[in-house]
Amino acid sequence: MLFFALALSISLFQLAYGVQVASTPPMGWNSWNYFSCEGLNEQVVKEVIEAFIHEGLRDAGYSYVNLDDCWQINRTADGIIIPDPKKFPGSRKTQSLDYLSLYAHVKGLKFGLYTDTGYRTCQGRPGSFGYERKDAETYAKWNIDYLKNDDCNLSNQTTCETYKTMHEALLSAGRPIVHSVKASCTTETARTVSNMRRVGQDIRDNWESVLGLIDIYNRDELWRYSRPGFWNDLDMLEVGNGGMTMDQYVGHFGAWCVFKAPLILGNDVRYMTSEVRNLITHDELIAINQDRSDAARLVWRSENGMQEIYTGPLSNERRVALLLNRGNTSADIQLNWNMLPDIVKDTVLNVRDANLRTNLGKYVNFIRQVVNPTSGKILVFSL
Ligand code: GAL
């Protein structure tokens, strides 16, 4: 009985902890997609933090500034992780990332780091296997808010086990830290030991890569798992990195929004075109992502597999749909009311194109929309 009560209170605590740190999909920026290993350094991160303010990212809801691989170089004799003093001169005296963490916090932002659940990171830097407690204590001391935990160079323990070890270490370090893990632990287990799980392979800055990640979301019916405290991570965004057209970036960003994937920017936010800035700070699309309702799911696919419709609920009796056109030619896509959750025949609905910020008017039973080649249209329905 006592054991049962204890177990129940621990899992309630874990649930409350998860909800506390990721009650909606986390929003922020990560260094990897644009700066990779070589380009990451303190000056860049400071300029990114400044850009969060003057480019309106903080006001749009982005808060985490996350360093990916290559910030760390070694461990002390006591096993404490050491930041690379060449890349992060501010860490030289104190052997800590306090300086950058404070730099983010005083601007009202949050700060995140990367580690690996194996012996070494993917770039060969020291991993956290066997050092979970020490690392979690160090992260808490440096006031970090987010930990991306990769899965290269693994030990012979399963990643679900080692992720659990880090999860428990973070809990006992006592600071709320988002725990972001990779796909080699199943979703079923990942949701008990983390706040978000990568659904698959690394994103690339091209349309095929975006579609490949959407395919995994569909194949594994991942919408079933997302809830406050745990989100499907389709990987960091590529919007603004130059490999896709703006139409493709709309499809990419729109899909991440309706799937309630974390919105972690991956571009050089210091220098953006106004088109890119407008898309990533789009209040109506971000509001869909942050809405406390279930993630959208696939409800229709054309015979040739080139068009798809995803729908989901939204707060205030609204519904959302993504009309996805995978193909290279414009597509006329029809959405019928029976594809929307809980909408009965003959209901009159107001339809709005969220991305274009345009009311399309009142419709009954269906709506047809032309969707540009390799893009998506995000529609919001209200009574
Ligand atoms: C990969 C990971 C990337 C990036 C990289 C760093 O495994 O998926 O997002 O973190 O490692 O080495």
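1. A crossing is called left-handed if the near helix is turned anticlockwise from the far one by less than a right angle, and right-handed if clockwise. Helices here are DSSP runs (H or I, at least four residues), numbered from the N terminus.

2. This is a predicted model, in which local features need pLDDT of at least 70, side-chain atom pairs count only at pLDDT 80 or more, and totals for chains, interfaces and linings use all residues. Residues are numbered from 1 along each chain as its sequence is written, and side-chain values use heavy atoms, without hydrogens and water.

3. H6 (residues 132–141) and H7 (residues 159–173) have axes that come within 8 Å and cross at roughly 40°. H6 is therefore oblique to H7, and the crossing is right-handed. Axes are lines fitted to C-alpha atoms over the stretch in contact, with angles from 0 to 180 degrees between N-to-C directions.

4. For H9 (residues 207–219) and H10 (residues 246–258), the axes come within 10 Å and cross at roughly 20°. The two are therefore roughly parallel (angles under 35 degrees; over 145 is roughly antiparallel, 65 to 115 roughly perpendicular, the rest oblique), and they cross in a left-handed sense.

5. Turning to the ligand, its oxygen atoms lie 2.8 Å from a polar side-chain atom of Asp69, 2.9 Å from a side-chain N or O atom of Asp150 and 3.3 Å from a polar side-chain atom of Gln123. The protein covers 94% of the 310 Å² of accessible area that the ligand has on its own (Shrake-Rupley method, 1.4 Å probe).

Technical notes: A polar contact is a pair of N or O atoms within 3.5 Å; within protein, one must be able to donate a hydrogen and the other to accept it, and residues adjacent in sequence count only if both atoms are side-chain atoms.
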